[in-house]
Amino acid sequence: MIKHDFIETNVFNKIEKIKLPKADINHLEIEELKLILNMCKIYYPQYYVLLFTFIGTGARGEKYLH
């Protein structure tokens, strides 16, 4: 649908979708996450809640630490 009849055809309809390769992401196993959280609790207890939140929500640190 073209509003107000300013143009006759939408040129963007001719653009093909770009096929993106699947991301090669290496996720940590549950046991690895538990180990990281336990080590954080022991050595960096002040960051434990922050790290737990990042891991639990999938948030990226750089987004929230700036």
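**Close-up views of a helical chain**

**View 1. From the N terminus on, the elements of the protein chain follow the order α-α-α.** Welcome to a predicted model, in which local features need pLDDT of at least 70, side-chain atom pairs count only at pLDDT 80 or more, and totals for chains, interfaces and linings use all residues. Residues are numbered from 1 along each chain as its sequence is written, and side-chain values use heavy atoms, leaving out hydrogens and water. The chain has 3 helices and 0 strands; helices (H or I, at least four residues) and strands (E, at least two) are DSSP runs, numbered from the N terminus. Of its 66 residues, 9% are buried (under 20% relative accessible area, with exposed meaning over 50% and partly exposed in between; 1.4 Å probe, protein chains only).

**View 2. Here is helix α1, with its buried side.** Leu33, Leu37 and Cys40 are buried in α1. They lie on the same side of α1 because they cover an arc of only 60 degrees around the axis, taken from the directions from the helix axis to the C-beta atoms. The buried residues of α1 pack against α2 (48-57).

**View 3. Turn to the other face of α1.** Glu31, Leu35, Ile42 and Tyr43 are exposed on the face turned away from the buried side. Leu35 counts as exposed because its relative accessibility is 51%.

**View 4. What does the length of α1 tell us?** The end C-alpha atoms of α1 are 20 Å apart, which agrees with the 20 Å that its 14 residues should span at 1.5 Å a residue; the expected span is 1.5 Å times one less than the number of residues.

How values were computed
Contact = heavy atoms within 4.5 Å.
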